[in-house]
Every structure is written in structure tokens, then in C-alpha cells.
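Please read this note with the structure open beside it. Each numbered point can be checked by eye against the model.

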Amino acid sequence: MEKFGDLGVAPFVVKTYKMVSDPETDAIICWGRESNSFVVADPFAFSQSLLPAHFKHSNFSSFVRQLNTYGFRKVDPDKWEFAHASFLKGQTHLLRHIVRRAPVTSSSSSSSKKATDPYEIDDGIILDLLTLKQQQSSIDEKVQKMWSRLQETERKPKQMLAFLMKVVRDPTMVERSTARKRARLRLEEARDDVLALKVEDLGGVDGFGADGIFSATLEELLGLGDGDEF
């Protein structure tokens with residue numbers, strides 16, 4: 001990065017030049033096509049991240065006022081593109097010519113208003129635009145959440161309808177499913193009982209020999225008769 005210490009460049013100009021020249025933030029602020037202007041591509045992100053990091057505030061309109069004070073002009077009515085004759089990419093020796101303009105006196109304020117730059121944007125409009133963008137972002141997020149909930153709500157009736165169609169085609173499905181669940185529960189209970197027994201205490205217990213070896217069948221373990229089923 002260029003050295004500005006001995007150039008007598010205003011701190012505001014130095015910070016702005018560094019922001020514009022940083023390739024890592026080109027998606028937010030970057031040089032214009034001819035490298036003789038710069039573009040704030042995302043004013044909202046610029047206000048939320050870069051301004052606080054460099055200027056200790058997040059007021060985009062204040063930044064624009066500072067640009068106007070140092071003689072920058074908005075050169076495109078459709079985007080936030082600003083230019084100054086001495087603000088050129090790679091021409092840091094020219095930056096010292098960018099100085100703060102003298103404040104306009106009350107006697108000349110009326111005449112200056114008549115010669116208003118057609119590309120100069122009112123601060124209130126800037127704030128309104130940024131506020132609207134922030135609100136739009138919040139609305140988009142809420143709409144996305146509502147859409148996700150709607151899809152989930154639509155999916156549940158479809159799943160229920162598919163289940164009912166299966167029941168209609170096979171009326172015994174529910175009964176068989178319930179029987180399987182009961183059998184599985186009994187198996188789990190029996191397994192827990194077996195695991196709770198100590199090997200040395202198994203002698204004489206139904207299903208185990210005197211040597212502690214398990215010999216009972218699954219039906220015997222569950223207490224099922226010859227004709228019983230799960």
C-alpha cells in the first residue's frame with residue numbers, strides 16, 4: 001500500500017483511497033471502469049462494515065457530505081459513483097491537491113443553491129434509500145421463513161393422505177404394524193431383563209442350564225405358546 005505520511009494528504013482522503021484500492025472489498029467499493037472514479041456498489045454493506053472500521057461511524061450520508069466538502073462529484077445518476085480530478089488509481093502524488101473547501105457563507109448560500117449540481121443527492125433521500133434496503137432485506141428473510149413453514153404445512157397433509165391410501169388398499173396394515181410394535185417392545189423388555197442378570201446367578205433360571213449357558217428359545221423367553229404369534 002502507498003505511503004501517505006510525507007504527502008500532506010488529508011486523513012479522509014487517505015482512508016477513502018485505501019478503501020477503494022483494497023481488492024478484498026471490491027464487491028462493496030471499487031475503482032470505476034476508467035480508474036478515474038470510484039463506485040460504492042453496496043451502500044448498505046459499506047455503511048455496516050467499512051465505515052465503522054475506517055471512520056468510526058455508519059452514516060453513509062455523512063460520508064457523502066464529506067466527499068462533497070472535498071470537491072468530489074457524483075458522476076452517475078443511477079449509481080453511487082464519485083470522481084475528483086486528483087483522485088486517480090495509482091496517482092497518489094495527486095491526492096495532496098484534494099483539500100477541504102471553504103464553508104459557504106450565508107450571503108452566498110442562496111446563489112449556490114441556484115447552481116446545484118444535478119447529480120448531487122439530498123442526504124434525506126440517501127438515508128431513505130438505505131433504510132428501505134434494510135427493511136427489504138428483513139422482509140425477504142421473513143418471507144423466506146413463511147414460505148418454508150408453508151411448504152412444511154403442505155407436506156404433512158400429503159404424508160397423511162399417502163398413509164390413508166395405504167390403509168384403504170390394505171386394511172390389516174395398521175393391525176400388523178401395531179402387533180410388530182408390541183412384539184418389538186416385548187423383545188426389548190426381555191433383552192433388558194437378560195442383560196441385568198449376572199452370569200454367576202444364571203444357574204437354575206428358566207432358559208439357562210446349570211453351567212449358565214442360555215438355551216431357551218425366543219418364544220419361551222417371551223412366554224408365547226406354540227400357537228401364539230407376535
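The points below go from the overall layout to helix packing, then to salt bridges and backbone angles.

1. Basis of the note. This is a predicted model, in which local features need pLDDT of at least 70 and side-chain atom pairs count only at pLDDT 80 or more, while totals for chains, interfaces and linings use all residues. Residues are numbered from 1 along each chain as its sequence is written, and side-chain values use heavy atoms, with hydrogens and water left out.

2. Overall layout. The chain has seven helices and four strands. Helices (H or I, at least four residues) and strands (E, at least two) are DSSP runs, numbered from the N terminus. Along the sequence their order is α-β-β-α-α-β-β-α-α-α-α.

3. Of the 230 residues, 27% are buried. Buried means under 20% relative accessible area, exposed means over 50%, and partly exposed lies in between (1.4 Å probe, protein chains only). A contact means heavy atoms within 4.5 Å. Among contacts with a separation of 6 or more, 51% are between residues 24 or more positions apart.

4. Helix 1 and helix 2. Two packed helices are described by the angle between their axes and the distance between the axes. Helix 1 (residues 11-21) and helix 2 (residues 43-55) pack at about 135°, and their axes are 11 Å apart. Axes are lines fitted to C-alpha atoms, for helices over the stretch in contact, and angles run from 0 to 180 degrees between N-to-C directions. The two helices are therefore oblique to each other. On this scale, angles under 35 degrees count as roughly parallel, over 145 as roughly antiparallel, 65 to 115 as roughly perpendicular, and the rest as oblique. Helix 1 passes helix 2 in a right-handed crossing. A crossing is right-handed if the near helix is turned clockwise from the far one by less than a right angle, and left-handed if anticlockwise. Helix 1 contributes F12, K15, T16 and M19 to the contact, and helix 2 contributes F46, L50, H54 and F55. By class, five of these residues are nonpolar, two are polar and one is charged. Here Ala, Val, Leu, Ile, Met, Phe, Trp, Tyr, Cys and Pro count as nonpolar, Asp, Glu, Lys and Arg as charged, and the others, Gly among them, as polar.

5. Helix 1 and helix 3. The axes of helix 1 and helix 3 cross at roughly 115° and come within 11 Å. This crossing is left-handed. F12, T16 and M19 of helix 1 meet F63, Q66 and L67 of helix 3. The contact holds four nonpolar, two polar and no charged residues.

6. Where helix 3 sits. Is helix 3 (residues 60-69) largely enclosed or open? Seven of its ten residues are buried, so helix 3 is largely enclosed by the rest of the structure. The buried residues are F60, S61, S62, F63, V64, L67 and N68. Just after helix 3, G71 takes a positive phi of about 90°.

7. Salt bridges. Side chains of opposite charge can pair when their charged atoms come close. A salt bridge is a side-chain nitrogen of Lys or Arg within 4 Å of a carboxyl oxygen of Asp or Glu, and by this rule the count comes to three.

   - K79 pairs with E81, with the closest N and O atoms 3.7 Å apart. K79 is partly exposed at 38% relative accessibility, whereas E81 is buried at 11%.
   - K145 and E141 meet at 3.7 Å, N to O. They are four residues apart in helix 5 (residues 123-169), which means a separation of about one helical turn. K145 is partly exposed at 47%, and E141 is partly exposed at 48%.
   - R176 and D170 meet at 2.3 Å, N to O. R176 is partly exposed at 35%, and D170 is partly exposed at 27%.

8. Most residues other than glycine have a negative phi, and most peptide bonds are trans. S35 has a positive phi, near 60°. S35 lies in the loop between strand 1 (29-31) and strand 2 (38-40), and is partly exposed at 26% relative accessibility. K56 also has a positive phi, near 65°. K56 lies in the loop between helix 2 and helix 3, and is exposed, with a relative accessible area of 70%.
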